[in-house]
Amino acid sequence: MKFTVLRLLTHSELGMFHEYRRSGREGSKQRAINFDADVVGRVFPAAKRSDRIAITCRCLENAKTVAVKEQWLKKQEKNWRLEGNCPTSPYYAFVDPGVLFAMVVDSSSSPASASWVVIPTDHPARTAILNHGESARLSKSAMIALHGEEGDFCWQVLAEYYPQLFKKVRRVRNNPNGSTGLEPDPLGLFKILARAGHSLPSAVADLVDNSLSKGASKIDITFPNPNQGGRWMCIRDNGVGMTPNGLRDAMKIGHQRKYDAADLGKYGYGLKGAAWSQADRLTVVSKAVNSRQTVLTWDKDHLERTRRWEILKDPVDDKYAGAVQLGASGTAVLLTQMRPPVAAPKVKSVEPYAQEIASVRDHLELVFHRFLEGSVRGRPRVIIQLNGIALRPNNPMAHPLTKAFDPLSIELPGHQDSTTGPILTVRAYVLPNEAEFNEYSKGQPPQDLRDQRDRLTLNGRWNDSQGLYFYRLDRLIKWGGWEDLFAKDEHTKLLRVAVDFDRQADDQLQIDISKQLIRLPVALTDSLKDSLKAPRSQAKSRYGRKVGGGGSGSGATTSDPGAGSGTTNTKDPKGAGRNPATSSKSSKKERSLLRLVEGASSPWERKTTFMGEQVEISQRLPELVALAEAIEGDNEAKKALSEFLRVLERANVVRLLDGKPDGK
């Protein structure tokens, strides 16, 4: 087994090099490089049965000469050390804290064989490796081990700059016109791709990507109730469409083509993977201007019967003719024999189909909000309709009270002949706090207020929506969380950071096959942390800020209790100006009855705490919130409301109101 091991060396390890000691910089007597126990355990699975692992190492004696040394890993109390060679050559005069130690080791033999090199801090090979997603785990681990293709990029860089030690991997292409008898089994590959991690919303988004890549300005999604004729879906657009040969290429798995700068595609996988994740039959109808219309179908049952990659050319069933009807040009992707959802409905009182429609709508309105707004440079506003209803853009930064910081540009260094690297544009936004939101929205109908709150919190907890929002070519591909830069913090939940990049950064950010996962290079994390110091400070300040003036928001703080942190907050709009000495006892009694919270999933929930029984009322039912606020200070009225809610609980009314009361 071959592994690529990476470590940024520290001051204490550099005593291994004679030149570092001779310069008087050594601070300890250590003559070895530290190896973390988890790395040794991965590279050498039998390591626990030994205290010493022999390795025949190749390393540089000078810039051109390779030395072969017998070295070993020796077990310490918790970790291991690479010993047996303390280079005396003046070549290593460059070593300083932060140099990159890179070793490629084959642990399948005994002794193991390896080649290692120490790369200067200003060397382009170090820059290339640390700016690539393969090194991402170095941001939270002192040492990492990449198995096989996990370290393919690192291997190629090492081979380019240190050919004396590392050989380039030669790529051999099979004869595309010949058969080896080892082609993938059609049914087996279908099953693999069908389980590649798509949900229904993400699968539909991937299919919309294809429409946008073909220049579509209008996309119609038809997804009728399965109780009315079976489960099927069609995504139709008015893009440039495809010629017969173009459609045939598009139906190939992993078809390699040149992508335009604004093309959202990546691997030649999206159409098939997204469709097969939801349906057993994929039909694509497409027509380019001045070209005939073509229909091609992949059918799982046919693949299973024939075990051949045989595509069907049957016409579309009359039942779907209206949904796939095209204009002068365009494409329609028809999914039939769709599989039912695996996950159980989240809200038992709401029909599963209604929940699916809501989840697809919410996902598309967020992911493609820039296209729906018409803010994507160089293209008109895109109209996306779901069952005939136009989607509304849900810009996560667009609330009128949001504070936007100036955008910053971070360049990822280029590699090889490139003079410039990919550019990331980072822009921070601090959203309004709970009190500011309520004050701004005061007087609006309860339904509108609920809808605005859900859209601002992305239909979840406010605390979970803080973090980085990654836009690839203006399409939101991942959001929420800090990618190990910071921990989620209640005090920074108002901060959202847009990170924009184009396809040039795909490789260094390790965009996965579903375009939903990202790995930040370790060299990028420090730049991001520095750029977010001021926004994080501003977010914390706004979190704790009070809103002055009258009304229900007067005097309320922004602690937004319960949103992800488990804490709660008592709103006391009528309690401003009370004498704490005279009201502390009564307020404790009142708080033990009713409590207004943010971020809960049910309209109310009865809990027993050390203070006694409490009813926590969430913002999900504004009418109930208004009633609770109206009786603030009247303990008898609170008791009456608590008992009335208990009657409703016994009648299971809370289930009918759980989630969004209107069933959206």
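Predicted model: local features only at pLDDT ≥ 70, side-chain atom pairs only at ≥ 80, totals over all residues.
The largest nonpolar core comprises 57 residues, and F17, F35, M103 and W116 touch the most other members. Beyond its neighbours within four places in sequence, M103 is in contact with F3, T4, V5, F35, C57, L82, A114, S115 and W116. Another core, of 47 residues, lies apart from this one and includes V204, V208, A216 and V333.

An open sheet of mixed pairing is formed by 7 strands in the order 12-11-13-10-9-14-15. Strand 12 (294-299) and strand 15 (389-390) each have a single partner strand, so one side of each is left without a neighbour in the sheet. Within the sheet, strand 9 (residues 218-222) pairs with strand 10 (residues 233-237) in the antiparallel sense over 4 bridges. In this pairing, I221 is placed opposite I235 of strand 10.

The structure contains 32 salt bridges. One of them joins K140 to D484, with the closest N and O atoms 3.0 Å apart. These residues are 344 residues apart: K140 is in the loop between helix 3 (124-130) and strand 8 (143-147), and D484 in the loop between strand 20 (475-479) and strand 21 (495-501). K140 is exposed, at 58% relative accessible area, and D484 is likewise exposed, at 55%.

A salt bridge also links E436 and R545 (3.7 Å, N to O). Because E436 lies in helix 13 (residues 434-441) and R545 in the loop between helix 17 (533-543) and helix 18 (580-591), the pair ties together parts 109 residues apart in sequence. E436 is buried, at 13% relative accessibility, whereas R545 is partly exposed, at 32%. Elsewhere, a network of salt bridges links R7, E13 and D36.

Definitions and conventions:
Residues numbered from 1 in each chain as written. Heavy atoms only, no water. Core = buried A, V, L, I, M, F, W, Y, C linked by side-chain atoms within 4.5 Å. Buried < 20%, exposed > 50% of the residue type's maximum accessible area, 1.4 Å probe, protein only. Contact = heavy atoms within 4.5 Å. Pairing = 2+ DSSP bridges. Helix = DSSP H or I, 4+ residues; strand = E, 2+ residues; numbered from the N terminus. Salt bridge = Lys/Arg side-chain N within 4 Å of Asp/Glu carboxyl O.
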